[in-house]
Amino acid sequence: MLFDVMPEMCADCPFGSLKAQKHMRKSLRPGRFTEICQSIWQGGYFPCHKTTTFDDDDEVAPSPKERQCRGALDFVERATANRERRG
């Protein structure tokens, strides 16, 4: 199943560098942001937190309204460009 991508990074996306974005990143449990980065670098899917829904057991429940995180995709693009520059 392919999901649409958020048109822009959310104001509190953990991949951004604004104060609210840094706060979101720091609010994750220790090591979680690194796990997310490693997963998406290896091709994993990361949904935008504003479009994610949960079931009664607090597990992620895929939804047709779910969208890919713009910040995560931007992260992969930046990391790829940096890697290519280093050669």
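Colleague: Before turning to the charged side chains, which pairs should I count as a salt bridge?

Modeller: A salt bridge is counted where a side-chain nitrogen of Lys or Arg lies within 4 Å of a carboxyl oxygen of Asp or Glu, and by that rule this structure holds 4 of them. Side chains of opposite charge can pair when their charged atoms come close. Please keep in mind that this is a predicted model, in which local features need pLDDT of at least 70 and side-chain atom pairs count only at pLDDT 80 or more, while totals for chains, interfaces and linings use all residues. Residues are numbered from 1 along each chain as its sequence is written, and side-chain values use heavy atoms, with hydrogens and water left out.

Colleague: How many helices and strands does the protein chain have?

Modeller: Helices are DSSP runs of H or I with at least four residues, strands are runs of E with at least two, and both are numbered from the N terminus. The protein chain has 3 helices and 0 strands, so that its elements read α-α-α from the N terminus on. The C-alpha trace spans about 45 × 30 × 25 Å along its principal axes.

Colleague: Which parts of the chain does the salt bridge between lysine 50 and aspartate 12 tie together?

Modeller: In that salt bridge the closest N and O atoms are 3.7 Å apart. Because lysine 50 lies in the loop between helix 2 and helix 3, and aspartate 12 in the segment before helix 1 (19-27), the pair ties together parts that are 38 residues apart in sequence.

Colleague: Are these two residues buried or exposed?

Modeller: Buried means under 20% relative accessible area, exposed means over 50%, and partly exposed is in between, with a 1.4 Å probe and protein chains only. Lysine 50, at 52%, counts as exposed, whereas aspartate 12, at 22%, counts as partly exposed. Of the 87 residues of the protein chain, 28% count as buried.

Colleague: Which residues form the negative surface patch?

Modeller: Patches are made of residues with over 30% relative accessible area and no salt bridge, like charges being joined within 9 Å and nonpolar side chains (Val, Leu, Ile, Met, Phe, Trp, Tyr) within 5 Å. Asp and Glu count as negative, Lys and Arg as positive, and His and the chain ends are not counted; the place of a charge is taken as NZ of Lys, CZ of Arg, CG of Asp or CD of Glu. Here Asp55, Asp56, Asp57, Asp58 and Glu59 form the negative patch. Aspartate 57 is placed in the loop between helix 2 (32-41) and helix 3 (70-86), and this residue is exposed at 63%.

Definitions and conventions. Areas by Shrake-Rupley, 256 points an atom, 1.4 Å probe, with all protein chains shown as cover.
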